[in-house]
Amino acid sequence: YRIDFIPLEKIPVWSPSGDSSCKPQYKVDEELNKKISLFSGDITKLEIDAIANAGESRMDGAIHRGAGPLLRKECATLNGCETGEAKITGAYGLPAKYVIHTVGPIVHGSVGEREEQALRNCYYNCLHTATKNHLRTVAFPCISTGVYGYPPDQAVKVALRTVREYLEQNHEKLDRVIFCVFLKSDKELYETMLSAYFPQG
Ligand code: ADP
């Protein structure tokens, strides 16, 4: 592989660093914990089965730059993507095998029930699309927390809860779910919150 591609072996399983001020809300499940990673950096570099793409965003630009024009061509055949839906395409020039496209909710003002459900659907439908296609390693960016304005401290809870619940139900279908954080503030947020949603014994 190219030197700047990051294979799964180079993405460590998550383990807590330092103190967490967050109380565990879920029981300790070492088998689940082994399937979780926190990766800080560019999602387009990950050499895994599938990366989720928050469509029509800055990240979307990075994905298309890496994938090349054939991805736009395939996306044009998808017949759009509704908020909360997920659609899979090839990844072309990217090291990942597939891109799972989703569209997060736009938040104006405070988060309502509808926006929360939509964000939950994004994570759930991406995971469901992955497992339906027998894909075992998936990475997520912080969907909706960029230009779409979802408060990151609320979005992280939806992301972690949805993934936790999905893994509890579909343990055998996935090997790794990678939370890909781009901003230092998101890294800190995820480090704290992972201790609550995936507590270590
Ligand atoms: P949205 O429209 O869903 O808000 P954005 O792309 O604006 O999407 O932002 C979503 C998150 O993705 C933000 O936290 C942003 O910092 C992050 N991000 C931007 N570029 C990348 C990248 N190349 N890899 C991973 N995350 C990224």
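Guide: Let me begin with a term: on a 1 Å grid over the protein atoms alone, a cavity is a set of points where a 1.4 Å probe fits but cannot get out, and its lining residues have an atom within 4 Å of a point. Please keep in mind that this is a predicted model. With that definition, the largest share of the lining of the largest cavity, three residues, comes from α5.

Visitor: How many cavities of 30 Å³ or more does a search of the whole structure find?
Guide: The search finds one cavity of 30 Å³ or more, and the space in the largest cavity comes to about 30 Å³.

Visitor: Which residues line the largest cavity?
Guide: Its lining is made of Tyr123, Cys142, Thr145, Pro152, Ala155, Val156, Asp186 and Tyr190. Helices α5 (152–169) and α6 (184–197) each supply at least two residues of that lining, and by class the lining divides into six nonpolar residues, one polar and one charged.

Visitor: OK, switching to pockets. How much space lies in the largest pocket?
Guide: About 540 Å³ of space lies in the largest pocket, which is lined by 24 residues, with Arg58, Met59, Cys142, Gly146 and Phe182 lying nearest its centre.

Visitor: What classes do the lining residues of the largest pocket divide into?
Guide: That lining comprises 13 nonpolar, eight polar and three charged residues, and its largest share, three residues, comes from α2.

Visitor: And where does the ligand sit?
Guide: The ligand sits in the largest pocket, where 19 residues surround the ligand, the closest being Asp42, Ile43, Ser144, Gly146 and Val147.

Visitor: Which helix gives the most to the shell around the ligand?
Guide: Helix α2, spanning residues 58–67, gives the most, with three residues. Taken by class, the shell around the ligand has eleven nonpolar, five polar and three charged residues.

Visitor: What lies 2.8 Å from a nitrogen atom of the ligand?
Guide: A polar side-chain atom of Asp42 lies at that distance of 2.8 Å from the ligand nitrogen. On the oxygen side, a backbone N or O atom of Ser144 lies 2.7 Å from an oxygen atom of the ligand, and a backbone N or O atom of Gly146 lies 2.8 Å from an oxygen atom of the ligand.

Visitor: How much of the ligand's accessible area does the protein cover?
Guide: The ligand has 560 Å² of accessible area on its own, and the protein covers 96% of that area.

Terms used
Residues numbered from 1 in each chain as written. Predicted model: local features only at pLDDT ≥ 70, side-chain atom pairs only at ≥ 80, totals over all residues. Heavy atoms only, no water. Near = heavy atom within 4 Å. Polar contact = N/O pair within 3.5 Å; in protein donor to acceptor, adjacent residues only side chain to side chain. Areas by Shrake-Rupley, 256 points an atom, 1.4 Å probe, with all protein chains shown as cover. 1 Å grid on protein atoms, 1.4 Å probe; cavity = no way out; pocket = protein on both sides within 12 Å on 5 of 7 lines; lining within 4 Å. Sits in = over half its atoms within 2 Å of the grid points. Helix = DSSP H or I, 4+ residues; strand = E, 2+ residues; numbered from the N terminus. Nonpolar A, V, L, I, M, F, W, Y, C, P; charged D, E, K, R; others polar. Points joined across faces, edges and corners; volume = space filled by probe spheres on them.
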